[in-house]
Amino acid sequence: MAVPRRSLELPAADPAAEADPDRTRLHQLGYKQELKRGLSVLSNFALSFSIISVMMGVTITYNTGLRYGGPVSMTLGWFVVTLFNGCVALSMAEICSAYPTSGGLYYWSAKLAGKDWAPLASWVTGWFNIVGQWAATTSIDFSLAQLVQAMVLLGTGGLNGGGYMASKYVVLATYGAILVIHGLINSLPIQYMAWFGQLGAFWNAAGIIVLVILIPAVAKERASAGFIFTHFNVDDSMGIHDKAYILAVGLLMSQYSVIGYDASAHMTEETKNADWSGPMGIITSVALSSVFGWIYVVALTSLVTDIPYLLDPSNDAGGYAVAQALYDAFHRRYGTGAGGLVCLGIIAIATFLCGCACITSNSRMGYAFSRDRAMPFSHVWYRVNKQEVPLNVVWLSVAVAFVMALTSLGSQVAFQAMLSIATVGQYVAYALPIVFRVTTARKSFVQLFKKKILRAGPLPPREIWCPRRLGRRRMGGAGDRALLSAGGVPGGGGQLQLHAGPRRRRAGAQRWRVGSPRPVLVPRAHHQRRRVMCVILLGPNKLLVVLD
């Protein structure tokens, strides 16, 4: 059962990697650890939850949902979108556990698409992903500038009371200032970004709870449950009469509101225990965002009693439905809309923290993409400063987001169309590695679970000569260490579950070092050369070698 030396080459030793399982795994994936690992699983989740920010997403797209389909497309349509989002998130989490790198989606496509299609699949996925992220940053920060404009307008008397209506140039200048502040924050070490991420997660959750309690308590006029869950608005003022089309467009609100959870994957090179923390960040952020988002949508929709009035550009908020509804609710109760402005302030802070986290995710994606020489002037963007922050690509993200918003000066329609296409592009990037996972990599993808997710992924096939039908031997030579490094699990305890086609085995795992001498159990070993797909530690005295 000698291992052919020609088919197994021992990777260069990395003393730091041997002491750090995360560094070891990244080294196996072909990358050197350059970013500082300062994020916990909580911080990883918080960044994704802060980027999703359903309070921001629902607020800035509420006009779309209200105009196309109305309450039923938002409240019941949310469940439809949540179902599909859940499937996508679970699939992404599975792949993330195999490849915890900052590249995320494009790296997954490269590994899963097969040798012939890997370059094209990786390039297409990467550009869909990064352009979609830039557009998401643009939409978030520009929407914050518009929200600030609406607050100033209502605070100075409203459109019909002589309030200040900012010009498009003032809005653009406000947007540029927000981007610069976000760039400065993202120039700080990762420990500070972890704090901002956790603040964003807390603010989103606490803010939604406060608004959900406050809105029904303040509102004098509330919509009935029948209206909230059954009313379908067909008066979209756009001349569209096809109900199916109206509903599909209305669902975009729910779709946009739960996007950006790939951030957990992009932050894995800065996350401890990345192959578990990254997937858990994806799953928990989507699950909690879906729950909080639906509660928030129902609370807001309870304020809707006159759809045409809220969407009318001549109302006091200039047609900003959520701002007008909150302002009117407090004004009817207390004779002043100051409470509504406070509520809008809570939403504005959540939007600000969301945009900050979005730049963080953008910069890590750009760093990884330039590291693989997939971007123009990659040697400029692929640099980290003394604090191990990819500073150049942080400011690249800021600059590109500002340039994308310049289209708003010419046409709001062109600006909105560009952002819509980019949002769809994000989901194209999400879908591609999943498609490759269930097609080209269907048979080679081996999944390992340690209670939740420990390791998953196709492992480099190796050849091994098996002189006996079933036998044991000690491993630990140079060739054997390479074999274990290619297919072994570098550490961990608890229960492992192996899925390899129809086979399923469970065994207790012991902590071990890659390449340590262990007796190996070779099942179904015939007198022929076979391909070793994976090597799993079954216990302190034996390894399981999975053959093709």
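1. Aromatic pairs. Across the whole structure, a search finds 14 aromatic pairs, where rings of Phe, Tyr and Trp (its six-membered ring) pair if their centres lie within 6.5 Å, and planes under 30 degrees apart count as stacked, over 60 as edge-to-face and the rest as tilted. One of them joins Phe-142 and Tyr-175 in an edge-to-face arrangement, with 5.5 Å from centre to centre and 70° between the planes. This pair links distant parts of the chain, since Phe-142 lies in helix α8 (residues 118-155) and Tyr-175 in helix α9 (residues 168-185), 33 residues apart. Both Phe-142 and Tyr-175 are buried, a word that here means under 20% relative accessible area, with exposed meaning over 50% and partly exposed in between (1.4 Å probe, protein chains only).

2. Basis of the model. This is a predicted model, in which local features need pLDDT of at least 70 and side-chain atom pairs count only at pLDDT 80 or more, while totals for chains, interfaces and linings use all residues. Residues are numbered from 1 along each chain as its sequence is written, and side-chain values use heavy atoms, with hydrogens and water left out.

3. The pair at Tyr-261. The rings of Tyr-261 and Tyr-430 are counted as tilted because their centres are 5.1 Å apart and their planes stand at 45°. Tyr-261 sits in the loop between α12 and α13 (263-266), whereas Tyr-430 belongs to helix α21 (residues 412-438), so that the pair links distant parts of the chain, 169 residues apart. Tyr-261 is buried with a relative accessible area of 0%, and Tyr-430 is buried with a value of 1%. Leaving aside residues up to four places away in sequence, Tyr-261 touches a number of others, including Ser-48, Asn-85, Met-92, Ile-282 and Tyr-427, where contact means heavy atoms within 4.5 Å.

4. Helix α12. This helix (residues 243-257) has 15 residues and reaches 22 Å from its first C-alpha to its last, close to the 21 Å expected at 1.5 Å a residue, the expected span being 1.5 Å times one less than the number of residues. Buried positions in α12 include Ile-246, Val-249, Met-253 and Tyr-256. At the start of α12, a side-chain oxygen of Asp-242 comes to within 3.0 Å of the backbone nitrogen of Ala-244.

5. Ser-187. This residue is placed in the loop between α9 and α10 (190-218), and Ser-187 is buried, with a relative accessible area of 18%. Its side chain makes a polar contact with the side chain of Trp-395 at 3.3 Å, a polar contact being a pair of N or O atoms within 3.5 Å, of which, within protein, one must be able to donate a hydrogen and the other to accept it, and residues adjacent in sequence count only if both atoms are side-chain atoms.

6. The chain overall. The secondary structure comes to 22 helices and nine strands, taken as DSSP runs numbered from the N terminus (helices H or I, at least four residues; strands E, at least two). Of the 548 residues of the protein chain, 56% count as buried.
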